[in-house]
Amino acid sequence: MGLYPVLEESPETVVQALRKDDLHPSLSDPVLDTMTFLNEVTHRFPDAISFAPGRPYDGFFDTEQIFTYLRRYLDHLAAQGATEQDIRTAMYQYGPTAGQIREIVADSLRKDEDIDVPPESIVITVGAQEAMLLVVRALTAGPEDTLLVASPCYVGITGVARLLGVPVTAVEEREDGFSRADLEAAILRERARGRRPRALYVIPDHSNPSGTTMDLPTRHALLEAAERHGILLIEDSPYRRVSPGTPLPTLKSLDRARRVVHLGSFAKTVFPGARVGFAVADQQVVDAEGRTGLLAAELAKIKSMVTVNTSSLSQAAVAGALLAGDGLLSVLNAEPAAYYGDALRTTLRALDARLPEARRTALGVRWNEPTGGFFLTVHVPFRADNAALTRSAQEFGVIWTPMNYFYPQGGGHQALRLSTSYLTTADIEEGTERLARFIEAQASAS
């Protein structure tokens, strides 16, 4: 590795720096700087109202509830016949790599999502982010293997692919929804180039960043296309149980050919600090000798070399929450889901009041109207880049996220993402007023 001297601390000591060119190429990829930049902007302008963080509202967190959840799980272990030593080991020692609350998560998935899989097909992960890494690593065997992503898409999946050196191919999500024809065309193009598309990553419900939701015919069409073309669907589902109303069926609950690897997270539904997610990977894997096992077992092998296991304390807190709600996140999150739905509607009403239809038509401004989740997309008549964001924060006191961060192969330069989940009604009202003034000023300057 190349080193070169940059500082001298004493005549006898030369401090040498690492060359950036000698580090992994992914560290020079702008996608890895996305969150850092947003955090820096937020900290530089603490008085600005921020529509950037895609995080739950703190008002629903009660510190004492953590102890209640832990106690509930410990009581559950005792009721299952665990001895004091068993419980001590479960809480203090390294746990099973695949997780120690798989039965409880499997029960919750059956009750809430009609996903009926055996516990051994589940791996408990350090957030859904680790689940993405495990799945992408397991599915990509060589340089010809590629990952398809609905574009725009969550930067976490493209970041994982970049870290692992896996090529990403974007399948554009149109304003009227995701298209099966576009997916099939992308698969055929990749194969014509000598590549092997392995899976498509999608967030079917209230996606991050766009806020869109796939309709039921599209879900069936994707499953049919995946089966016909021999690819998997990686379904990410963080926003289903923090949205009002009855959600559409998950891809996994509709999956009859084991084409779907389902990812989930308790970051939005229980609390982010637990950092607990999961992967449902019930696909059969056959080795060279004809022996079969589950893809979940292969993911656990990778996990054993990444995080070893997921925190037993975090798993206990999440399991206690699930047990307290009889496994029904839909019940546990009824109040937060109503709050987030109201926050989204309040934002849409405020935008409409600040930029009425005639005015936004004249400006060339439009936005979508998601029915749930944390996000919506605003299209603007100027370049919504880091420079515009800095001006918005500095001069108008409002922060948002440039949509171009979420387009792995370019695009989204005249759109911004608003996250509505973390703000109070008063902040939303004031924030949209500031945003409208910024849009008016930036449009005039452009």
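Helices (H or I, at least four residues) and strands (E, at least two) are taken here as DSSP runs, numbered from the N terminus. In those terms, aspartate 205 is found in the loop between β7 and α8. The model is a predicted one, in which local features need pLDDT of at least 70 and side-chain atom pairs count only at pLDDT 80 or more, whereas totals for chains, interfaces and linings use all residues. Residues are numbered from 1 along each chain as its sequence is written, and side-chain values use heavy atoms, with hydrogens and water left out.

**Aspartate 205**

Buried is used for under 20% relative accessible area, exposed for over 50%, and partly exposed for what lies in between (1.4 Å probe, protein chains only). Aspartate 205 has 3% relative accessibility and therefore counts as buried. With contact defined as heavy atoms within 4.5 Å, and with residues up to four places away in sequence not counted, aspartate 205 touches Thr212, Thr213, Arg219, Tyr239, Arg240 and Leu248.

**The seven-stranded sheet**

Two strands pair if DSSP finds at least two bridges between them. An open sheet of seven strands, with mixed pairing, has the order β4-β10-β9-β8-β7-β5-β6. Its edge strands, β4 (122-125) and β6, each pair on one side only. Neighbouring strands of this sheet are turned by 20° against each other on average, direction ignored; axes are lines fitted to C-alpha atoms, for helices over the stretch in contact, and angles run from 0 to 180 degrees between N-to-C directions.

Helix α6 (residues 155-164) lies across β5, β6 and β7, running at about 160° to β5. Seven of the ten residues of α6 are buried, so the helix is largely enclosed by the rest of the structure. These buried residues are Val155, Gly156, Ile157, Thr158, Gly159, Val160 and Ala161, and they pack against α1 (34-44), α5 (127-139), β5 (145-151), β6 (168-172) and β7 (196-202). Just after α6, glycine 165 takes a positive phi of about 70°.

Helix α7 (residues 180-192) has 13 residues, which at 1.5 Å a residue should span 18 Å, and its end C-alpha atoms are 18 Å apart, in agreement; the expected span is 1.5 Å times one less than the number of residues. At the start of α7, a side-chain oxygen of serine 179 reaches to within 3.1 Å of the backbone nitrogen of alanine 181. The buried residues of α7 are Asp182, Leu183, Glu184, Ala186, Ile187 and Glu190, and what covers them includes β5, β6, β7 and α8 (216-229). Glycine 194, whose phi is positive and near 85°, follows α7.

**Helices α5 and α10**

The axes of α5 and helix α10 (residues 295-304) come within 9 Å and cross at roughly 110°. That makes α5 roughly perpendicular to α10, given that 65 to 115 degrees counts as roughly perpendicular, under 35 as roughly parallel, over 145 as roughly antiparallel and the rest as oblique. Glu130, Leu134, Val135, Arg137, Ala138 and Leu139 in α5 meet Leu295, Leu299, Ile302 and Lys303 in α10.

**The four-stranded sheet and two strand pairs**

Another open sheet, of four strands with antiparallel pairing, has the order β13-β14-β17-β16. Strands β13 (366-367) and β16 (401-402) stand at its edges, each with a single partner strand, so one side of each is left without a neighbour in the sheet. Leucine 376 stands opposite leucine 418 in β17, while the bridge partner of isoleucine 122 in β10 is valine 280.

| Strand pair | Sense | Bridges |
|---|---|---|
| β14 (residues 375-379) and β17 (residues 415-419) | antiparallel | five bridges |
| β4 and β10 (residues 277-280) | antiparallel | four bridges |

Terms used:
A polar contact is a pair of N or O atoms within 3.5 Å; within protein, one must be able to donate a hydrogen and the other to accept it, and residues adjacent in sequence count only if both atoms are side-chain atoms.
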